[in-house]
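Here is a walk through one protein chain, with the model open beside you.

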Amino acid sequence: MRRYMLERGGALITDTEWDKITQALELGICDICNARVGAFGRKGLHIDHDHTTNKLRGILCPECNTRLAWYEALTEEARSRLDKYLSH
């Protein structure tokens, strides 16, 4: 089984994950909000991975990529309070 390393970010991915990326990029659809995005890169789709484990998570539009980064930067306490607030 071959493994690929994404150029930026250093995520190691398998053949299956590479196939998922290329298919998702062809479709141009964000894995979170299902928005159709025609391009790749800064203003288009982003290949998302966990920065701790380097595991691939999915393909995201710029807005979801930014929101996810913001959410992940929150402390556990802040996440808990935000989740509680949004549940009402």
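A residue is called buried when its relative accessible area is under 20%, exposed when it is over 50%, and partly exposed in between, using a 1.4 Å probe and protein chains only. What you're looking at is a predicted model, so keep in mind that local features need pLDDT of at least 70, side-chain atom pairs count only at pLDDT 80 or more, and totals for chains, interfaces and linings use all residues. Residues are numbered from 1 along each chain as its sequence is written, and side-chain values use heavy atoms, with hydrogens and water left out.

Start with the overall layout. The protein chain has three helices and four strands, where helices (H or I, at least four residues) and strands (E, at least two) are DSSP runs numbered from the N terminus. Read from the N terminus, the order is β-β-α-β-β-α-α. Of the 88 residues, 26% count as buried. The chain exposes about 6,800 Å², and carbon and sulfur atoms supply 53% of that; the areas come from the Shrake-Rupley method with a 1.4 Å probe, and for residues only the protein chains shown count as cover.

Now for the inside. A nonpolar core here is a set of buried Ala, Val, Leu, Ile, Met, Phe, Trp, Tyr and Cys residues joined through side-chain atoms within 4.5 Å. The largest one has 11 residues, including Ile13, Val37, Leu45 and Cys64. Helix H1 (15–27) and strand S4 (56–60) are the elements that give two or more residues to this core, and S4 gives the most, with three.

Which of its residues are buried? Glu17, Ile21 and Ala24 are. They sit on the same side of H1 because they cover an arc of only 70° around the axis, the arc being that of the directions from the helix axis to the C-beta atoms. Turn to the face of H1 that points away from this buried side and you'll find Thr16, Gln23 and Glu26, which are exposed.

Follow the chain out of H1 and check the backbone. Just after the helix, Gly28 takes a positive phi of about 70°. Further on, in the loop between H1 and strand S3 (46–49), comes Asn34. Its phi is near 65°, positive although Asn34 is not a glycine. Most residues other than glycine have a negative phi. Asn34 counts as exposed because its relative accessibility is 57%.
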